[in-house]
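Dear colleague,

I am handing over the structure below, followed by some notes on what was found in it. Please read them alongside the coordinates.

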Amino acid sequence: MSVHFEERSGIVPCQTSWGVWYQTMEEVFIEVNVPQGTSAKEVKCVLGSKEIELFVKGREILKGKLFGTTVADEGTWTLEDKKLIRIVLMKSNREAGNCWQSLLEGEYCANAWVQDQMQRKLTLERFQRENPGFDFSGAEISGNFHGGGPDFSNLK
C-alpha cells in the first residue's frame with residue numbers, strides 16, 4: 001500500500017522489563033533485549049494467531065495469549081546484532097479502532113497516557129489512508145479519536 005504517512009514514525013513505545021512493544025494499524029512490533037552474543041540457536045520463538053512464546057537460552061521471556069488476533073503465518077522474528085530480538089506480528093483487524101491495550105491479555109499493559117498516544121497515532125494513520133493527498137504526519141488531533149476517530153464515510 002502506498003501512503004505518504006510513515007507508519008513507524010513517531011512510534012509510541014510501551015516499555016517493559018525485557019524491552020518495548022508498539023503498534024501501527026497493521027502490525028505489532030516487539031523488541032526484546034537479550035544478552036550480547038546470543039545466537040539464533042538459543043532462541044525459541046513460537047508465533048500463533050492468538051499466542052506467543054519466546055524463550056532465550058531456556059529462559060521464558062514471553063508466553064501467553066495475545067491481546068488481539070494476528071495472521072499466524074505472517075509473523076516473523078529476527079535476531080539483530082546478537083543482542084536484540086525483533087518480532088513483527090500482522091494484525092488480523094487492521095483498522096484504527098483496533099488499538100491493542102496490552103501485548104498479552106492482562107500483561108504488558110499500556111498506561112493511560114501511552115494508550116491515549118497510541119490511539120491518536122492510529123487515528124492519524126487512518127486519516128492519511130482516507131486522504132492520501134494530504135500530509136497528516138505533523139497533525140495534532142483532539143477530541144474523539146478513541147475507537148479510530150470520527151466516521152466521515154457518510155459525508156459527501
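Predicted model: local features only at pLDDT ≥ 70, side-chain atom pairs only at ≥ 80, totals over all residues.

Strand β5 (residues 51-56) is joined to β6 by six bridges, and the two run antiparallel; strands here are DSSP runs of E, at least two residues long, numbered from the N terminus, and two of them pair if DSSP finds at least two bridges between them. The open sheet has three strands in the order β4-β5-β6, with antiparallel pairing. Because β4 (43-47) and β6 (59-65) stand at its edges with a single partner strand each, one side of each is left without a neighbour in the sheet.

Elsewhere, S102 lies in strand β9 (residues 102-104), and S102 counts as buried because its relative accessibility is 3%, where buried means under 20% relative accessible area (1.4 Å probe, protein chains only). A polar atom of the S102 side chain lies 2.7 Å from the backbone oxygen of L104. Leaving aside residues up to four places away in sequence, S102 touches W21, F67, E107, Y108, C109 and A110, contact meaning heavy atoms within 4.5 Å.

Best regards

Notes: Residues numbered from 1 in each chain as written. Heavy atoms only, no water. Helix = DSSP H or I, 4+ residues; strand = E, 2+ residues; numbered from the N terminus. Buried < 20%, exposed > 50% of the residue type's maximum accessible area, 1.4 Å probe, protein only. Polar contact = N/O pair within 3.5 Å; in protein donor to acceptor, adjacent residues only side chain to side chain.
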